[in-house]
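Dear colleague,

I am handing over the structure we spoke about, and my notes on it follow below the display. Please read them alongside the coordinates.

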Amino acid sequence: MFGTESSLSMFLNTLTPKFYVALTGTSSLISGLILIFEWWYFRKYGTSFIEQVSVSHLRPLLGGVDSSSPSSSNTSNGDADSNRQSVSECKVWRNPLNLFRGAEYNRYTWVTGREPLTYYDMNLSAQDHQTFFTCDSDHLRPADAIMQKAWRERNPQARISAAHEALELEDCATAYILLAEEEATTIMEAERLFKQALKAGEGCYRRSQQLQHHGTQYEAQHRRDTNVLVYIKRRLAMCSRKLGRTREAVKMMRDLMKEFPLLSMFNIHENLLESLLELQNYADVQAVLAKYDDISLPKSATICYTAALLKARAVSDKFSPEAASRRGLSTAEMNAVEAIHRAVEFNPHVPKYLLEMKSLILPPEHILKRGDSEAIAYAFFHLQHWKRVEGALNLLHCTWEGTFRMIPYPLEKGHLFYPYPICTETADRELLPTVFHEVSVYPKKELPFFILFTAGLCSFTAMLALLTHQFPELMGVFAKAFLSTLFAPLNFIMEKVESILPSSLWHQLTRI
């Protein structure tokens, strides 16, 4: 043992500074070449070469199964989706679950001093109100004429004052709507005002319904009265949901969808899905999904992630990544994983909010489908439903990142959906308050661990090579001290073993 140690010491002492320069220079060169190759591979294919080899080739040899392996069973769905993209990629939609300005958004402002809504978002809402709540015949009714001007007002107090002025003339449904949305400071007060709006709105709707075929002017008035009535009933249902009367809210939403089946643009079914999930009525949730998760209808995060949640619910309570890697995925687990992959491909921003890797903010009044704004709006209302299903978030955590290995990168084409729009970041920055929220960007891929590790190793060895070249003798001393320190625990253990074992036995062991 002592002879080996002395030989090692003699070897270290005989090494020249040129050896250390050559060693560190060679190590730096090799790590640099690996870094360049890794970076090129990542830029071309979107994943680390070392990671890809370990997952695709080494893991199966060791008996593991990649639980995130791609499946081609749903590619027909993706082809159909890509063939019927008939609207603008970055069309902004009204948030089906948008909050009340007075009772919710303003309360946040009072507490934090922050504005949760951007000017762009509120301007879109003003345009929506003018589109749905006004028509060319408003000048025939004085109250409606006042409200037509009120919806164009930028100052909230001016809008509220105009609504009160309209109510002094007559019971005006849209005036009650404005006060319920912006002046009411509680949900109960908003509900009271919406009930008054409902009474006034139903009267206008019945009168215009009788006259709708008498000319284009009456037809436009009836269309406006229909929009007002649907909006009031929907907001009343949302008030009931917020006040804990969820079954009543479900009944109101179902009745509204039966009464006005053609107004699918309002996406009332998304409110219904959230309420049914709160009741844990998963059979009815599946029935609604069967109707709206159709190949001919536009998708949303609510549709895709609710479908994934139902599939995950069947297996999540017993799911274990270790067990799945040993025995492989069952059919039910594979279906759940594929549903999660489908949801993540549609909107890749949602998982970080559901897994609480990123903080939530109040959702905007408008959302961009497949964007960060839609992800915030979905997670804000549905995080509690994922937490309620045992193991669902664990299954999501284990599988969601596997989606990115299936999608071509750069995104020339999608996998199950049409390619991800490149304009989402710009639209989301307009919709979300970037002052206190960092907008999620996709496809901005995070660098894999191996690239970061190789970059660090290359930098470290290059620095050592430079220092060794400039100060060869000093670096040689440091290298000998480092190696001596590195082997010190081993020498200590060997000394203890020699002191415990008899010398004769130790002699026989060394000979062996």
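Which residues does Glu 182 touch, not counting residues up to four places away in sequence? They are Arg 101, Gly 102, Asn 106, Pro 156, Arg 159 and Ile 160, where contact means heavy atoms within 4.5 Å.

This is a predicted model, in which local features need pLDDT of at least 70 and side-chain atom pairs count only at pLDDT 80 or more, whereas totals for chains, interfaces and linings use all residues. Residues are numbered from 1 along each chain as its sequence is written, and side-chain values use heavy atoms, with hydrogens and water left out.

Glu 182 is found in helix 9, residues 173-183 (helices are DSSP runs of H or I, at least four residues, numbered from the N terminus). Glu 182 counts as buried because its relative accessibility is 10%, buried being under 20% relative accessible area, exposed over 50% and partly exposed in between, with a 1.4 Å probe and protein chains only. Its side chain also makes a polar contact, at 2.8 Å, with the side chain of Arg 159 (a pair of N or O atoms within 3.5 Å, one able to donate a hydrogen and the other to accept it; residues adjacent in sequence count only if both atoms are side-chain atoms).

On confidence, the mean pLDDT (the predictor's confidence in each residue, from 0 to 100) is 80, and 79% of the residues reach 70 or more. Over residues 64-88 the pLDDT is below 50, although this stretch has 43 contacts in the model beyond near neighbours in sequence. Where pLDDT is low, the predicted coordinates should not be read in detail.

With regards

Technical notes
Helices (H or I, at least four residues) and strands (E, at least two) are DSSP runs, numbered from the N terminus.
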